[in-house]
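Please have a look at it first, and then we can go through its parts together.

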Amino acid sequence: MTQRDELLDFPGSEALHAAGRVEHPAPRAVAQALAAVEAAARQETAQHTVALPVRRRSSAHGRRILATVLATAAVAAGVVVYGTTGSGGRSGGHAPQQAQAVTAAAFLDHTADVAYAKSASSGRYWKVRKQVRHTGAKSAPRTDNSSTADYYYARSMNAVHVVVGGQTHTKAGAFAWGLGPKELHSWSDLNRLPVAPAQLVSLMNSSKEYAGRSAFLQAGTLLGETPARPDLRAGLYRALARLHGVELVGTVKDSAGRSGTELVFTGALSTDRMVIDPRTSVLLEITSVSTKGRDRGETTRVTYLSSGPADKIG
Amino acid sequence: MEPDHEHQGSGDSDALLTRAVGDPAVFTSLVEQFSPVLHGYFVRRAPGAADDLLSEAWLQAFVARRTFDASRGSARGWLFGVARNVLAGHIRRARRVATTAEPAEVDPWQAVDQRLDAAALAPELRRALADLPAEERELLLLVSWEQLTPTEAAAAVGIPAGTARSRLHRARGRLRARLSPERHLTLTPATPARMDRKESA
């Protein structure tokens, strides 16, 4: 008698075992899983076996740094190194030829692991302190506006309360976040989103430029603005890892002076960037620059100074 | 008592999972090999969502495959650990949608009990299982239904093998105490079938 047999030696054990019998899965279910894994494997293989040039930001002295990604060996060895760049001259621009041993996908998958390990939070409101800077298109007289405010999103999303300079302004109406064709009119809608990266990618790709916003920007907005739970945040990061065209820039400082890892995505209508704190998985800043049409040059940058649950406004 | 026997081919699957770290294409062999058992795990605990959870589990396993260490346990136990996390996430999500409150535990007992009811399991056994501590019941079902060895079940749940064996021993003891024939004859009304057996004995 094995340990297993002995541990199951109680009256009714056989009946219990019989009650657990199930049919084999439908071939469609296995095929679906297989397709998802094969797609992820193809993407990873493509990213890890091709030497990709990574364009980094100019340093404070105007030098452009070109690094080569040879991720295969590094990833196989389990090495995770995030590149540094001397943006603003405030952080390590002293390693101009430093090998960058991680791809955007590997970085995002790692960030997803960090996000997944976080605990979920709960409150009456989701409070986001953000600085929004908007620079007008090049074709028009350029405007440059910046404001900092606290935004309070209620669970029902039937109102948004904005606190600026100690004064609360309430905007009533039906507000929604968006992901592809889905409109998320409440926190519950947000919680109903799938968390499987393949499903999220499918959603995002079903409307690549939803309301003029790239899939990259859509996912970024959910990560920055919403009370997405840890598994959804992890799913969004993994979905971003599977988007074509996302590149790792390296370590930069955001406009609030915080260090993070920058990713860039060149979409059909805009070039979008994210700065993520890899230690916490928090999205620090997201920037979108219009690259087409009369809006060309129009820039919106949102810096997320803090976010979290709140039980009261103010 | 003999120690657990490894499942047939478990060494092969351990090697496959290890190889899949450097060669993602190898991972698909594992999907074909283990999908029936992982799907069964989900069907028993979340019957309406099993297909989606299977895909989610495989994607999570693919992304996390570098964390598998064959020296610490089998691929089978590791994969069930991934499946368990996916199931827990599913239960949390379902409960959040229903209550908008943070659920304290992620025990799939409700779905399991419905399965036992549908299978016409003896009510006394159902009640005895319901009264087991959730952590003991989970291990018991992993061993009975998923055919895991106690060591694999421990890996799936993320506890030391010795702890799993102790809990399984306690669970067996509780079930024996509740379900032994002597106890039925003295403490609970006997069913007609049991009366027949008693009389014929």
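This is a predicted model: local features need pLDDT of at least 70, side-chain atom pairs count only at pLDDT 80 or more; totals for chains, interfaces and linings use all residues.

What are the elements of chain B? There are eleven helices and zero strands in chain B, and, read from the N terminus on, the elements run α-α-α-α-α-α-α-α-α-α-α. As for how covered the chain is, 41% of the 201 residues of chain B count as buried.

Let me take one pair of these helices as an example. In general, two packed helices are described by the angle between their axes and the distance between the axes. Helix 6 of chain B, residues 123–131, packs with helix 9 of chain B, residues 161–179, at an angle of about 145°, and the axes are 10 Å apart; the crossing of helix 6 with helix 9 of chain B is right-handed. On the side of helix 6 of chain B the contact is made by B:E124, B:L125 and B:A128, while helix 9 of chain B brings B:L175, B:R178 and B:L179. Sorted by class, this contact between helix 6 and helix 9 of chain B has four nonpolar residues, two charged ones and no polar ones.

I now turn to the place where the two chains meet. How many residues does the contact take from each chain? It takes 46 residues from chain A and 52 residues from chain B. On the side of chain A that touches chain B, several helices each supply at least two residues, among them helix 1 (3–7), helix 2 (13–19) and helix 9 (230–242) of chain A, but helix 3 of chain A gives the most, with twelve residues. The residues on that side of chain A divide into 24 nonpolar, twelve polar and ten charged.

Next comes the largest nonpolar core, where, of 118 residues, A:L236, A:L240, B:W58 and B:A83 touch the most other members. If we leave aside its neighbours within four places in sequence, B:W58 is in contact with A:A33, A:A36, A:V37 and B:V31.

Elsewhere in chain A, helix 8, residues 215–225, is mostly covered, with nine of its eleven residues buried; the buried ones include A:F216, A:L217, A:L222 and A:L223.

Finally, a few words on the strands of chain A. Strand 3 (residues 125–135) pairs with strand 4 (residues 144–154) of chain A in the antiparallel sense over eleven bridges, and A:Y125 stands opposite A:A154 in strand 4. Strand 3 of chain A is also joined by eleven bridges to strand 13 (residues 299–310) of chain A, again running antiparallel, and there the bridge partner of A:T135 is A:T299.

Strand 9 of chain A, residues 246–253, is mostly covered, since seven of its eight residues are buried. Seven bridges join strand 9 to strand 10 (residues 259–266) of chain A, and these strands run antiparallel, with A:G250 opposite A:E262. Strand 9 and strand 10 of chain A form a hairpin with five residues between them, and in the turn A:G257 has a positive phi of about 85°.

Key. Residues are numbered from 1 along each chain as its sequence is written. Chains are lettered from A and ligands numbered from 1 in the order in which they are written. Axes are lines fitted to C-alpha atoms, for helices over the stretch in contact, and angles run from 0 to 180 degrees between N-to-C directions. Helices (H or I, at least four residues) and strands (E, at least two) are DSSP runs, numbered from the N terminus. A crossing is left-handed if the near helix is turned anticlockwise from the far one by less than a right angle, and right-handed if clockwise. Two residues are in contact if their C-beta atoms, placed from the backbone, lie within 7 Å. Ala, Val, Leu, Ile, Met, Phe, Trp, Tyr, Cys and Pro count as nonpolar, Asp, Glu, Lys and Arg as charged, and the others, Gly among them, as polar. A residue is buried if 20 or more other C-beta atoms lie within 10 Å of its own, exposed if 12 or fewer, and partly exposed in between; C-beta atoms are placed from the backbone. A nonpolar core is a set of buried Ala, Val, Leu, Ile, Met, Phe, Trp, Tyr and Cys residues joined through C-beta atoms within 7 Å. Two strands pair if DSSP finds at least two bridges between them.
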